[in-house]
Amino acid sequence: MNPYLSVLKLRFISGLQYRAAALAGMATQLFFGLIFIMVYVAFYANSTAEPSMSLEQLATYVWLQQIFLAFVMLWFRDNEIFQLITSGNIAYELCRPCGIYSFWYAKLLAQRLSSAILRCFPILLIAFFLPAPYNLSLPPEGTTFVLFLLTLLLGLAVNVAISMFIYISVFWTMSPVGSTLIIAVIGEFLSGMIIPIPLMPEWLQNITYALPFRWTADFPFRVYSGQISQTEALWGILIQLIWLAILIVLGRWCLRRALRQVVVQGG
Amino acid sequence: MIELQGINKSFKVARRTAGFGQAVKALFAREHTIVEALHNISFDISPGEIVGYIGPNGAGKSTTIKVMSGILVPDSGICQILGYTPWQDRTSYVRNIGVVFGQRTQLWWDVPVIDSFGLLRDIYKIPSAVYRENLTLLTESLALSDILQTPVRQLSLGQRMRCEIAASLLHNPQILFLDEPTIGLDANSKIAVRQFIKTINKERGVTVILTTHDMNDIEALADRILMIGKGTLLYDGTLVDLRSRFGSKRIVTIDYHEHAEPVDVEGTSCLSWTPERAVYSVDIDDVPVASIIAKLSEQIELVDIGIGTTPVEELILELYKEHQI
């Protein structure tokens with residue numbers, strides 16, 4: 001088997017062991033999903049302005065955020081890699097005949113996949129059967145759904161490429177706390193996880209469109225609800241691919257620089 | 001096969017003295033010192049050798065191993081191993097070597113050992129026939145059959161270490177770097193590991209470079225010793241040479257029927273004494289052992305006599321002393 005597939009498989013299998021974490025995660029995500037929607041229901045009831053997103057679309061947007069939290073959250077991290085760097089266990093990674101970037105990329109991808117797969121179905125089911133306006137609605141067409149899946153997976157790929165920079169930064173900072181916090185807070189906001197991007201003021205929307213973050217979450221979720229038309233979605237996929245290429249090339253370059261001056265900690 | 005020429009490596013180390021005031025000061029101005037970890041290290045190792053790499057703590061042993069295994073990039077110097085420069089051709093080079101860092105783990109913590117082995121098989125692209133053959137051999141000689149299915153976190157240190165060594169040999173490496181492979185092992189496991197290292201060296205011609213603080217490892221395995229201190233190579237030679245350099249000393253242990261006071265013998269120094277046993281250190285170039293025994297038996301009734309060479313530990317200490325490290 002291809003070594004990267006193999007590490008993906010192993011990480012996936014070991015990720016499936018954490019059942020208690022999955023249960024706790026599901027409960028939290030259901031709770032937050034409901035709370036967010038309640039807040040917006042209250043806003044919408046008292047708002048005089050015409051919202052740029054219907055309540056139904058908004059509920060779907062929020063549920064998709066919660067269901068695929070493991071795909072889109074930047075604070076979702078692999079402590080093993082941090083420990084590898086700070087404790088010096090990276091010595092072993094460096095004496096393997098494979099590229100560290102791809103190796104870690106596969107690990108991170110598998111971790112997010114296993115975590116999402118463990119949690120998504122139960123929440124999905126519950127969210128579907130909630131009473132309106134709290135429920136998750138179906139996508140308007142079958143093709144929209146296919147496009148959604150495609151953009152979601154590409155978004156995941158972009159997200160992992162972004163998160164890679166957090167890990168690379170630890171070579172210099174020796175502690176993951178700062179970089180995780182900065183990148184996670186900024187990224188979360190700019191990907192529409194706190195306020196859905198359509199509800200932001202226009203100047204802020206323009207900023208988010210120029211950055212890679214919204215392509216990981218906001219874009220696939222709006223493809224799902226049909227707010228983004230199918231032709232627009234296809235263009236979006238192209239932009240996702242371009243971002244992915246840029247981030248990976250940049251990440252590889254940074255990692256190469258980090259490794260050239262690596263100090264193996266702890267003797 | 002392994003050629004190092006004038007390897008230098010230095011690290012920048014942040015330093016401050018203890019205390020709150022100093023810690024606050026370090027927030028604004030960090031003091032760094034440059035520590036020279038390796039200074040002009042040169043040696044050659046031929047195929048099939050077992051080389052013991054020794055030196056006090058912090059001497060640069062592990063750093064050398066890391067340079068040789070392509071993990072660290074030295075500041076200057078040439079290193080050619082199997083025709084590769086380790087840090088430049090890292091991915092193609094490391095396919096040919098196996099590395100064990102005794103203080104670290106390469107196995108996945110939460111999954112059974114065999115899963116980690118499976119991953120290594122894929123990483124090194126080991127053909128399945130070779131993998132199966134090696135796995136059988138390693139399982140037998142390192143007694144792994146009972147622990148392969150256990151998650152790594154539930155293994156004892158010794159069990160884990162045997163798995164680590166096995167993991168480093170699955171891909172038939174030509175060179176094996178062992179950085180303190182017997183750390184924390186019990187006597188049984190130590191002997192098993194040593195035996196195994198000897199076997200793969202003889203049967204497969206694997207070149208072995210090992211660092212250790214356990215001089216018994218060196219005595220049991222290494223034909224050749226490299227000693228490093230403060231980043232400089234201080235000794236390169238065989239254990240036999242080292243012995244003959246300091247080795248005219250013998251330790252004579254005498255058991256006898258109870259005798260009230262210590263007996264002095266000319267030309268020896270008494271290391272310890274009890275009413276029934278005494279230990280003498282003798283230089284056999286000055287005084288032959290036979291004459292000591294003859295002199296002793298005149299005064300006391302001997303029960304048992306043991307004659308030993310100086311333990312390797314003491315030879316090493318002598319070397320350290322000679323170089324003032």
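1. Helix α1(A) crosses helix α7(A) in a right-handed sense, where right-handed means that the near helix is turned clockwise from the far one by less than a right angle, and left-handed that it is turned anticlockwise. The axes of α1(A) and α7 (residues 100–128) of chain A come within 8 Å and cross at roughly 35 degrees. Axes here are lines fitted to C-alpha atoms, for helices over the stretch in contact, with angles from 0 to 180 degrees between N-to-C directions. Helices are DSSP runs (H or I, at least four residues), numbered from the N terminus.

2. A word on the source: this is a predicted model, in which local features need pLDDT of at least 70 and side-chain atom pairs count only at pLDDT 80 or more, while totals for chains, interfaces and linings use all residues. Residues are numbered from 1 along each chain as its sequence is written, and chains are lettered from A and ligands numbered from 1 in the order in which they are written.

3. Back to the α1(A)–α7(A) pair. On the α1(A) side the contact includes Tyr4(A), Leu8(A) and Phe12(A), and on the α7(A) side Phe103(A), Ala106(A) and Leu113(A) are among the partners. Contact means C-beta atoms, placed from the backbone, within 7 Å. The residues involved comprise nine nonpolar, five polar and two charged (nonpolar: Ala, Val, Leu, Ile, Met, Phe, Trp, Tyr, Cys and Pro; charged: Asp, Glu, Lys and Arg; polar: the others, Gly among them).

4. Do look at α8 (residues 142–173) and α12 (residues 230–260) of chain A: their axes come within 9 Å and cross at roughly 20 degrees. The pair is therefore roughly parallel (angles under 35 degrees). This crossing is left-handed, and its contact residues divide into 21 nonpolar, eight polar and no charged.

5. The largest nonpolar core has 135 residues, with Phe68(A), Val158(A) and Phe177(B) having the most contacts inside it. Such a core joins buried Ala, Val, Leu, Ile, Met, Phe, Trp, Tyr and Cys residues through C-beta atoms within 7 Å; buried means 20 or more other C-beta atoms within 10 Å of the residue's own. Helix α8(A) gives the most to this core, with 15 residues.

Conventions
Helices (H or I, at least four residues) and strands (E, at least two) are DSSP runs, numbered from the N terminus. Angles under 35 degrees count as roughly parallel, over 145 as roughly antiparallel, 65 to 115 as roughly perpendicular and the rest as oblique. A residue is buried if 20 or more other C-beta atoms lie within 10 Å of its own, exposed if 12 or fewer, and partly exposed in between; C-beta atoms are placed from the backbone. Two residues are in contact if their C-beta atoms, placed from the backbone, lie within 7 Å.
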